[in-house]
Amino acid sequence: MPTPRVAAIHDLSGFGRCSLTVAIPVLSAMGVQCCPLPTAVLSTHTGGFEGYTFRDLTEEMAAAAAHWKALDLRFDAVYSGFLGSERQIGLVRQFLRDFRRPGTLAVVDPVMGDFGRVYATYTPAMCRRMADLTAEADVITPNLTEAALLLGVPYESLPRDEAGLKALTEQLGCPGRRSVTLTGVSLSEGKTGAMCYDARKNTCLPVQTERVDREFLGTGDVFASVLTGALVRGDGLLDAAAQAIDFIRLCAVRTAAEGIPLREGVDFEPLLGHLVPRTE
Ligand code: PXL
């Protein structure tokens, strides 16, 4: 199989394990070439650190995208995540239009919040633009907080039962339009995982695993990165989601056992070997 190539449009946060510091190693371990288009450079992510630096790279993004276009680069997937400004969301939309060819997968992780709260740098206008961006994607990977923001409903009003979560996931996929993996879905005590609406098959099925009883940061980025890697390697949505959930479970167990502080993300590096494709 030729090495699949992914354009990864996320921030580079130096400390805290999220976005590009997750996407690059995860995709590389999976045998996928990751081409980063950084949206911003931060000293740390914004969840749990004070005084972080934030250098917006909107101008640089436009210039880099123009260079890639001049080089006629082709991508098997465009994968976006945390975005730093309203204009950047528009740039990602343009990037999708410029680089999309038959077979190019557009994965939009509508990173906006977690635990019922919106991240510090996201304005209501940015959240609306993010919803517009998801309309152009083939696959979106919201958590429950982001699902509420995309639909414009209060987080507290979201259903928690299986039938309600299925209906919510299908609604986010505008049946037939795009696939959806809704993360942070717990269908029974002690379990967690995702609800997966596959737009190609028109099926909506859960993937569940044993829950590690602690909160974690950055698991959404690990999920979307493994999912994207598996999809460009040709796996189906449910199989890709199961790979992501299984890997996160390993990361969660290790992170809890090592007592890694919440804000440092999940301790995934020693586990990357689990993602390496077996060679014949
Ligand atoms: O994990 C999502 C994420 C990505 N990038 C930055 C963040 C966060 C979450 O807080 O702050 C900069």
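Phe95 and Phe99 sit 4 residues apart in helix H3, so about one helical turn separates them. Helices here are DSSP runs of H or I with at least four residues, strands are E runs of at least two, and both are numbered from the N terminus. This is a predicted model, where local features need pLDDT of at least 70 and side-chain atom pairs count only at pLDDT 80 or more, while totals for chains, interfaces and linings use all residues. Residues are numbered from 1 along each chain as its sequence is written, and side-chain values use heavy atoms, leaving out hydrogens and water.

Now for the rings. Those of Phe, Tyr and Trp (its six-membered ring) pair if their centres lie within 6.5 Å; planes under 30 degrees apart are stacked, over 60 edge-to-face, the rest tilted. That rule gives 7 aromatic pairs, including these two:

| Pair | Centre distance | Plane angle | Class |
|---|---|---|---|
| Phe82 and Tyr122 | 5.5 Å | 85° | edge-to-face |
| Phe95 and Phe99 | 4.3 Å | 25° | stacked |

The Phe82 and Tyr122 pair ties together distant parts of the chain, 40 residues apart. Phe82 lies in the loop between strand S6 (77-80) and helix H3 (86-99), and Tyr122 in the loop between strand S9 (117-118) and helix H4 (124-134).

What about burial? Buried means under 20% relative accessible area, exposed over 50%, and partly exposed in between (1.4 Å probe, protein chains only). Phe82 is buried at 8%, and Tyr122 is buried at 7%.
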